[in-house]
Amino acid sequence: MSRAGDRAVRKARASEAGVSPAAQRLGLPGSLALGLMLVLAAAPVAAALFRATAGEKGFLGLLKSLGAALSSPSTLRALDFGLKEAGASALLALAIGLPGAYLVARHEFPGRRLLKALAGLPFCVPPILVVLAFVLYFGRNGYLNRFLMAAFGLAEPPLGFLYSFWGLVLVHGFYNFPIVLQTVGDAWENVPRDREEAARTLGAGRLRAFATGILPSLLPVILQASALVFLFCFFSFVVVLVFGPLGGSTLEVEIFRAARMSADPAGAAALSLIETAAALLVVLLLTAAERRGGEAAKKTGTRQPRSKAVGPAFVFLVVYAVFLLVFFAGPLAALLAEAFTERRGMGGGGRLGFGNFARLLFGGPQRGAETGGVNWMAPQGPLLGALGDSLATALPAAALATVLGGVAALLLRGKRSRAMETALSLPLAVSGIVLALGWSFLFPRANRLLVVLVEAMAALPFVLRSLMAALAAVDRTPLLAARTLGAGRLRAALDIEARSILPAFLTASAFAFSIAAGDASAPLLIGAPGFEPLPLLVYRLVGSYRFPEACAAGIVLALVTGLVFFAKDKDALHA
Amino acid sequence: MLEIRGLRFSRPGFSLDLDLELPEGAYGVLLGASGCGKSTALRLVAGLLEPEGGSVRLAGRELLGLAPERRRVGMVFQDYALFPQLSVRRNIEYGPRLRGAASEERRKLSQELGKAFRIEGLLERRPASLSGGEQQRVALARSVAARPELLLLDEPLSSLDAALRRALRGEIRERIRDAGLSALHVTHDLEEALAIADRLFIMDGGRVVEAGDPEAIYARPGSAFAARFLGRGPLIPVTRIIESGPRPLVLTPFGKLRASRGLPTDPAASETESCTSGASGTELPKGSLAEGRPANGSPTGGQCYLHFGAGEARALPGSSAASIAADADGVYNELSGVAGESYFLGTTRRVSLRPPAGGEPIELELGPEIRPSRGEALVLVLPIDSCILLR
């Protein structure tokens, strides 16, 4: 087709979509909002750039720093390990998520909504809890090993891969597969079936028809989900910190070590730049995939009703459900069981009760006290303090992210351009550790306000994307109807539109709160002494092998971060 | 020949039970309202849905149990279902490629079909860059290229504007006829159906309620549903049969009217109360048409109507209509009523006529020169030959 033809078709499509070319232009308010978002994302990276010069002024200093970091075997090992573990994790997440995507897209069955709702898990269950759950379940003394030893009369635990590369991949794969399931499942449901059916009537068998009629529409979405999972795994911090040492380390952990343990801010800054540059490539791939995947996500063509899972589909569903129960629900159940099990000594038997919670609340019983109960006179436990620290940072961080994201989303509403979409994706290339490190370069005094700022900035891109998607989905016709019925601009906005967009704002703020409350990176890197929010408490308890109490603290953390599950408009989370 | 016998399919709130015959090379049209099961019928024939029972035979070959790709039944979808990642040429060559046609043969075929369907200039373009009409032609060419024995078309014109629809419907029929194919075309557009069908099947509630030559069906619908769906004219409820026989006289809210024939013959009718079998003076049960909806075209039970074409009645000035009707006994009915709203429609005027004693009005099309005022008593002449009894 000629370029003029291309342009005409694009223009016609924009017109069909009700988006005039003028409406797609950003305008001054939109440009300001986009500029602010970019500045907030770029500020920590710029600070790292500046710091990476290690005191030598100019570009030469920067190159020297980067050269030193890139020539270091540990950096290359970390980069190599990070790329491999993120790649393998994304593949595993695909392998687990795609069958689920097929089931939710094509079949109706009890628990389908629950399966789809799992997509919120990577966002509202902090990684530290997943680490804990997998240690309890897959660890050498974990529930699964104990079951297998008892069932098959084994002397040694058969599963010992957890603290290795594959252990890390397993955790990441199971933690992130719901993203694949949700993203691909939604798109699959919307891909018109008639293309596949047309292929069948033209002589293609099932597989060929799928490859011709469905797969081309799904591929960009699969790529998009894979890139997102890859990015999350590439940036994984706590999981690698716990499982990594025997298998390897990632750049994220190396940055933390350089900054916090080796007191080498310039080295940490150089590593940050390398990591961000690598992530940027993935983000650009993600953006391109999102653009192409958008077509599949549109509801076009004839949508056939989902069929009941019968025959082979039913067998497949049962196998998948058992697989998820054993490998996915098992660790979470282990976490729950351990939290309510009061153990007598390391690895000893136990009984059900609230003792772990009580110890966290009121302090542990004195050593030697064999009363079997809790010493109520013991000093106060760490739980309330940790809960207070979590709320004191997560609430203002969520509020800040929602306000900033909300204003930006409202200003950017109805605007659409390739540059804008790319620009809004760029913050995804900045990891939690880089964000914390960069902002700590700008504000060197460690304090809670800085943690609030960093957590708000970490949540901001997700809040903005979820709000923009939610606002785009709001039907503006009632607002226009109100105007024609005599309501002024403000009155119509308050009476009609505010009610439509309020759930989206509440969801976005709950989402931001979950991200902030579950964050361990910023408190670990820039937290002031004595500052111990819930994720750090869990991390400390895991580190000292106090698993039952760690689980109890984890349950409290899950209740706090699980707030987002009560949000009305959860679909916006997957924008 | 396509023979469909007792093809059954059901899902909550809907059931389909289909019988249909389409001669080889004929262009059949399934006409019905949305949700009556037209598209489901096509999908069952194509093998895209699994029926609960019945038989579908094409040229003597049983299709049920065969996978869609083995049926040699092509389908043109409502949204065309072109493969967006393939060029127009590769879309057309998709079927031939699957049956193992050599590259040269495929190219020749796509060139020929491109020419036949007037899309030869579009062969290297992607479907997304085509207009609706162009996409429609590509979808047809692609289906024809796969050499099916039967082509199914699921509302292929519904996405197009009215002018293009009118232009393309003739072209579709012509191309399909040129290709020597039988076709079953689904539409809810009456004009489209009448314009292109060799054989018309009117569907209601998952069943074919009337089948045959479109002109014959239009001239003499076999059921009140078909008459209503075809929009031919009024259905006046019959309250009593005064005389039965080949020219029954019935009592209606508009007075005594004579019909040119009784109810269409139906074996089941003899077992149930019917207008024709009832003795003189039989009171007919009141009931809606829906209650007595016929199965498989069998008008059994339910409300009986006197039906005629909307434009058959004539209004004459003064009292001449009454005198004509009275003088020409056996030729005309006299239809008396009270005029309601009237609308000028260009060549005709649509007039609402209420029974003299009150009741549901009927709508008639009279000459544009007749301008009855609201509430004016009208006496019309209605040829008895145009009046039939229907259920």
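Mentor: What follows goes through chain A, then a strand and a residue in chain B.

Trainee: Ground rules before we start?
Mentor: This is a predicted model, where local features need pLDDT of at least 70 and side-chain atom pairs count only at pLDDT 80 or more, while totals for chains, interfaces and linings use all residues. Residues are numbered from 1 along each chain as its sequence is written, with chains lettered from A and ligands numbered from 1 in the order in which they are written.

Trainee: How many helices and strands in chain A?
Mentor: Chain A has 27 helices and four strands. Helices (H or I, at least four residues) and strands (E, at least two) are DSSP runs, numbered from the N terminus.

Trainee: And what share of chain A is buried?
Mentor: Of its 575 residues, 49% are buried. Buried takes 20 or more other C-beta atoms within 10 Å of the residue's own, exposed is 12 or fewer, and partly exposed is in between, with C-beta atoms placed from the backbone.

Trainee: Which residues touch the most others in the largest nonpolar core?
Mentor: That core has 176 residues, and A:Leu132, A:Leu231, A:Ala459, A:Val538 and A:Ala553 touch the most other members. Helix α22 (residues 448-473) of chain A gives the most to it, 17 residues. A nonpolar core here is a set of buried Ala, Val, Leu, Ile, Met, Phe, Trp, Tyr and Cys residues joined through C-beta atoms within 7 Å. A second, separate core has 112 residues, including B:Leu42 and B:Phe117.

Trainee: What does A:Leu231 touch?
Mentor: Leaving out residues up to four places away in sequence, A:Leu231 touches A:Ala279, A:Val282, A:Val283, A:Leu286 and A:Leu428. Contact means C-beta atoms, placed from the backbone, within 7 Å.

Trainee: At what angle do α8 and α17 of chain A pack?
Mentor: Helix α8 (residues 127-138) and helix α17 (residues 312-339) of chain A pack at about 90°, with axes 8 Å apart. Axes are lines fitted to C-alpha atoms, for helices over the stretch in contact, and angles run from 0 to 180 degrees between N-to-C directions. So α8(A) is roughly perpendicular to α17(A), a label for 65 to 115 degrees; under 35 is roughly parallel, over 145 roughly antiparallel, and the rest oblique.

Trainee: Who makes that contact?
Mentor: Among them are A:Leu132 and A:Phe134 of α8(A), and A:Leu332 and A:Glu338 of α17(A).

Trainee: Switching to chain B. Why is β7 of chain B called largely enclosed?
Mentor: Because five of the five residues of strand β7 (residues 150-154) of chain B are buried. B:Leu150, B:Leu152 and B:Asp154 point one way, B:Leu151 and B:Leu153 the other.

Trainee: Which way does β7(B) run against β6(B) and β8(B)?
Mentor: β6(B) and β7(B) run parallel, joined by four bridges, and B:Val76 has B:Leu153 as its bridge partner. β7(B) also pairs with strand β8 (residues 182-187) of chain B in the parallel sense, over five bridges. Pairing needs at least two DSSP bridges between the strands.

Trainee: Is B:Gly95 buried or exposed?
Mentor: Buried, because it has 26 C-beta neighbours inside 10 Å. B:Gly95 is in helix α2 of chain B.

Trainee: What does B:Gly95 touch?
Mentor: Not counting residues up to four places away in sequence, B:Gly95 touches A:Leu202, A:Gly203, B:Arg142, B:Ala145 and B:Ala146.

Trainee: How many residues does each chain put into the contact?
Mentor: Chain B gives 21 residues and chain A 19.

Methods:
Two residues are in contact if their C-beta atoms, placed from the backbone, lie within 7 Å.
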